[in-house]
Amino acid sequence: ADEDNRHRVLRVLRESLDDDAVVVNDMTKLCYEGRNRFPMEEPGGFHFPMGYGTLGFSPPAAFGAAVGTDRQVVGLVGDGGFIFTVGDLATAVKYDIAVPIVVLNDDSYDILEDVQRAQYGRTMATDIENPDFVALGEAFGAAGQRVAFEELETELPAALSAAFDRDRPTVIEIPVEF
């Protein structure tokens, strides 16, 4: 069921973007699955920092990609990774970089929980006390919007469309349980 829910997010995201969009991924379960389940029509459209443990790669890399292309660019990141480089929102706001950053929020380092369970039979220090990501984005001067997972098919396309029409970044938080 969790895998189906991740596939649902990837499907709705793919359907919401131009064929030649650029998707910059982070180190999170959704992005791992995206490597195999996110069809791309154009070269250079799917960026994934495989194997380097680079939490937080997606937002600053997405901002940089947007500066270098006229294609739609979106960053896809988990809640833990977003906290690593959230300060880069200030630069994106300063330079009017209109990139949506989609934050999948499950209040944990979920992949680390899996590793700990497999290796040690228990978990430790994997729960995250997150801020309100919409308010946090707005505090930096970015736009912010929360998308209900239950309304994903209608709310995510609308949130992305609005984000691409802005002259600043948008933090789109999707609370998830997978």
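**Note on the fold, its loops and its pocket**

1. D96 sits in the loop that links α5 (88–94) to β4. Its backbone deserves a look. The phi of D96 is near 55°, a positive value, and D96 is not a glycine. Most residues other than glycine have a negative phi. Bear in mind that this is a predicted model.

2. A second residue belongs with this one. A125 lies in the loop between α6 and α7 (133–139). Its phi is near 60°, again positive in a residue other than glycine. Is A125 buried or exposed? A125 has a relative accessible area of 70%. The cut-off for exposed is over 50%, so A125 counts as exposed.

3. Now the sheet. In what order do its strands run? The sheet is open, with 6 strands in the order β2-β1-β3-β4-β6-β5. The pairing is parallel. At the edges stand β2 (46–47) and β5 (143–146), and each of these pairs on one side only. Strands of a sheet pair through backbone hydrogen bonds, in either a parallel or an antiparallel way.

4. β2 pairs with β1 (residues 22–25) over 2 bridges, in the parallel sense.

5. β5 pairs with β6 in the parallel sense, over 4 bridges. Look for Q145, which stands opposite I172 in β6. On to the pairing of β4 with β6: these two strands run parallel and are joined by 6 bridges. Here P100 has T170 of β6 as its bridge partner.

6. How many residues of β6 are buried? The count is 5 of the 6, so β6 is largely enclosed by the rest of the structure.

7. Turn to helix α2. Its buried residues are K29, L30, C31, E33 and G34. What covers them? The cover includes helices α1 and α6, and strands β1, β2, β3 and β4.

8. Leaving out residues up to four places away in sequence, H7 touches E33 and R37. E33 is among the buried residues of α2. H7 and R37 are 30 residues apart along the chain, yet their C-alpha atoms are separated by 7.4 Å. Is H7 itself buried or exposed? Its relative accessibility is 15%. Buried means under 20%, so H7 counts as buried.

9. Last, the largest pocket. It holds about 290 Å³ of space. Its lining has 21 residues, and M27, T28, K29, D110 and I111 lie nearest the centre. Which elements give two or more residues to this lining? They are α2 (29–37), α4 (79–85) and α6 (110–120).

Methods
Residues are numbered from 1 along each chain as its sequence is written. This is a predicted model: local features need pLDDT of at least 70, side-chain atom pairs count only at pLDDT 80 or more; totals for chains, interfaces and linings use all residues. Side-chain values use heavy atoms; hydrogens and water are left out. On a 1 Å grid over the protein atoms alone, a cavity is a set of points where a 1.4 Å probe fits but cannot get out, and a pocket is an open set with protein on both sides within 12 Å along at least five of seven lines; lining residues have an atom within 4 Å of a point. Grid points are joined across faces, edges and corners, and a volume is the space filled by probe spheres set on the points. Buried means under 20% relative accessible area, exposed over 50%, partly exposed in between (1.4 Å probe, protein chains only). Contact means heavy atoms within 4.5 Å. Two strands pair if DSSP finds at least two bridges between them.
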